[in-house]
Amino acid sequence: MITVKVNGEDKQLPTGTQLAQLIDILLQEAGQEPDPALLATAVNEVFIPRQQRAEYFLKENDEVFTFSPITGG
């Protein structure tokens with residue numbers, strides 16, 4: 001198990017958890033549809049695009065921040 005900070009709160013996750021899996025877990029916990037487009041993500045203050053979430057494996061003490069994406073122009 002590893003501990004990561006998600007929006008300021010510690011969360012225990014299995015070693016080898018991908019960022020994409022964490023987003024699915026967070027959406028389920030919030031009772032929302034599993035639509036990864038609902039959240040934008042940053043890990044350790046670096047934006048991680050949706051397409052790269054499955055490639056990012058979370059590490060001990062990572063800090064994940066989720067927020068609603070801003071659209072428009």
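The legends below describe close-up views of a predicted model.

Local features are reported at pLDDT of at least 70 and side-chain atom pairs at pLDDT 80 or more, whereas totals for chains, interfaces and linings use all residues. Residues are numbered from 1 along each chain as its sequence is written, and side-chain values use heavy atoms, with hydrogens and water left out.

**View 1. The largest nonpolar core and its most connected members.** The largest nonpolar core has 15 residues, of which Leu19, Leu22, Leu58 and Val64 touch the most other members. Strand β1 and helix α1 (19-29) are the elements that give two or more residues to this core. Helix α1 provides the largest share, 5 residues. Such a core is a set of buried Ala, Val, Leu, Ile, Met, Phe, Trp, Tyr and Cys residues joined through side-chain atoms within 4.5 Å; buried means under 20% relative accessible area, exposed over 50%, and partly exposed in between (1.4 Å probe, protein chains only). Helices (H or I, at least four residues) and strands (E, at least two) are DSSP runs, numbered from the N terminus. Apart from neighbours within four places in sequence, Leu58 is in contact (heavy atoms within 4.5 Å) with Ile2, Val4, Leu13, Thr17, Gln18, Leu19, Leu22 and Val64.

**View 2. Surroundings of Thr3.** Thr3 belongs to strand β1 (residues 2-6). Thr3 counts as buried because its relative accessibility is 17%. Beyond its neighbours within four places in sequence, its contacts are Asp10, Lys11, Gln12, Lys59, Glu60, Asn61 and Asp62.

**View 3. Salt bridges.** The whole structure contains 3 salt bridges, each defined by a side-chain nitrogen of Lys or Arg within 4 Å of a carboxyl oxygen of Asp or Glu. Lys11 pairs with Glu29, with the closest N and O atoms 2.9 Å apart. This pair links distant parts of the chain, 18 residues apart: Lys11 in strand β2 (residues 9-13) and Glu29 in helix α1. Glu29 is exposed, at 54% relative accessible area. Lys5 and Asp10 also form a salt bridge (3.0 Å, N to O); Lys5 is partly exposed at 33%, and Asp10 is exposed at 55%. In the bridge between Lys59 and Asp62, the closest N and O atoms are 3.9 Å apart. Lys59 is partly exposed at 45% relative accessibility, whereas Asp62 is buried at 4%.

**View 4. A nonpolar surface patch.** Phe47, Phe65 and Phe67 make a nonpolar surface patch of about 310 Å². Patches consist of residues with over 30% relative accessible area and no salt bridge, nonpolar side chains (Val, Leu, Ile, Met, Phe, Trp, Tyr) being joined within 5 Å and like charges within 9 Å. Accessible areas come from the Shrake-Rupley method with a 1.4 Å probe; for residues, only the protein chains shown count as cover. Phe67 lies in strand β5 (residues 63-67) and is partly exposed, at 31% relative accessibility.
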